[in-house]
Amino acid sequence: MSGHGQSRRRSSDASSSGRSIPTSDHHRRRFKRTSGTSSAGSPASRRPASWVILNLAGFPGDRTTSAVSRTSAGEAISASLELVEPPGTSVLTLDMPELASPPAASRELNMQILAADRDVVLFGMTFHPKRSPCDGADDYFVYRASTSTDPSPRPSLSLLPVHYEEHQFYHRYPVQHRLFYTGILSCSGSKDSSSLPPFIIAELDKEYGYGRQADVDLCRLLVYRSVSNEWEVFKNVHVHGTDGGRALRYWTTDAVVPYRRRFLIWVDYYRGMIVADMSSQSEKNLLPPTLRYVPLPLGTVPDNDPDDREHGRGIPRSSRSLCATRSGIKFVSVDTQHVSSFGVGLAHMLTWNQTFRITVWSLRDGDYTWRKGATMYEQEFLDAIDSQGRLFPHVQPEFPVVNMENPDAVCFQLRKESKDDSDSSDEKETAWMVEVDMKKKVLLAFTDYSNGTSLSSGDQEDAIGAARIESLEGIFISSELPHYLDPGQACKKTRQ
């Protein structure tokens, strides 16, 4: 499996939108928001969203906490959520008082949300000494929102136990395993309403063969179960439907999607999906998850190496997205005019004349086949976003996210960067998140981002704004988290 490095785009201050839903009135903040009207009626008639788009964390927090824990070094840490309605992006904020004073002040903190499902959010945190960034230490936490079955009135924050790599030692010390493309699954609860529903964390790696065994259909899974508080390793798990392993050649995970409290789906946007049935992990006698390969509905799987320098895989997330919605699994594809962005190095000539085309597909649960849905071409998209008289950049939309409540609505990022390096920072880059109804071909809402500061800013609002603009490279995770906050209240929006 390829490395986890992400390309970072920079910009400054972000003006966000919507209204946060904290657990304390003192923590409430409002952000300006402008939105287009809904095709279903006036803006005020739209029901508040019960899902969010999560991105990177803003740091530091403002010392009003919703969940408290300690790092592996014993330092106090707290986490809170700043939630806004999509297409705005929501932020998990952290606060660590020890970082404000030496010697902790000499360290830098990197944090990233890895996965989320319903009431649980998994994030990783790495401390780097400023002079020795290679000596960073990783902690992984699960933030859990309070649920209707939880007797506690506040969310919780839990430090995960460390899993060590097998047979790997450095100066006689075991090597900590670092989580990369990992999923989290909030499972169905027991009949005992006083107990919290369990959750599962899992990471999948393809087993690699050599020589004549280059194509293999086996995977290795690392699984954590909250009921046991332990990691389990399943080796050589067979993946059904891979044509002898050829479908998994050069596999690289781009995303992990939880689905209906039972499945985790690992996605390679150039090759297909590995669907893992995690129901066996609720049994006392643990059995390996059942794995099945499902191709994506676009063309032939390429045979060449996606990490080739000349035909590198780039950032497939910018034009591909697999999303779980209430009506099922949706797949969004944004294809370019002459060369399909599906398949590295392919020169597949398309039959239409516009610069890009957006297509939404639906997965049938019974037989794992795809049904083609709404399609929108470049001019239709531009007409939709220009219908309200807004001055959006006429660029190809990126990083699609399907609305979890309304599968006909898709959120996109629009970003325009100036080619003139002499421009001021305000003019160099502008970005929007827009929501478009693919069937009715109308703009539903938008959020603009501009001018920002730094994640290390001492001001809470500046740090949150910078976190949002930092995350506009497409590290987005959708979740139904608002269902579990403030007795089920959904995200609120402030309009102007």
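Which residues of β18 point one way, and which the other way? F263, I265 and V267 point one way, whereas L264, W266 and D268 point the other way.

1. Basis of the note. This is a predicted model, in which local features need pLDDT of at least 70, side-chain atom pairs count only at pLDDT 80 or more, and totals for chains, interfaces and linings use all residues. Residues are numbered from 1 along each chain as its sequence is written, and side-chain values use heavy atoms, with hydrogens and water left out.

2. Strand β18. Strands are DSSP runs of E with at least two residues, and helices are runs of H or I with at least four, numbered from the N terminus. Strand β18 covers residues 263-268, and six of its six residues are buried (under 20% relative accessible area with a 1.4 Å probe, protein chains only; exposed is over 50%, and partly exposed lies in between).

3. Neighbours of β18. Two strands pair if DSSP finds at least two bridges between them. β17 and β18 are antiparallel and share five bridges; six bridges join β18 to β19 (residues 272-277), also in the antiparallel sense. W266 stands opposite V256 and opposite I274 in β19. Three residues lie between the strands in the hairpin of β17 and β18, where R260 takes a positive phi near 50°. A hairpin through three residues likewise joins β18 to β19.

4. Aromatic pairs. The structure holds ten aromatic pairs (ring centres within 6.5 Å, using the six-membered ring for Trp; planes under 30 degrees apart are stacked, over 60 edge-to-face, and the rest tilted). F123 and F141 form a stacked pair, at 5.6 Å centre to centre with 20° between the planes. F123 lies in β8 (residues 120-129) and F141 in β9 (residues 137-144), so this pair ties together parts that are 18 residues apart in sequence. F123 counts as buried because its relative accessibility is 0%, and F141 counts as buried at 0% too. Y259 and F263 form a tilted pair, with 6.4 Å between centres and 35° between planes; both are buried.

5. Helix α1. In α1 (residues 378-386), E378, F381, L382, A384 and I385 are buried. They cover an arc of only 160° around the axis, which puts them on the same side of α1 (the arc is that of the directions from the helix axis to the C-beta atoms).
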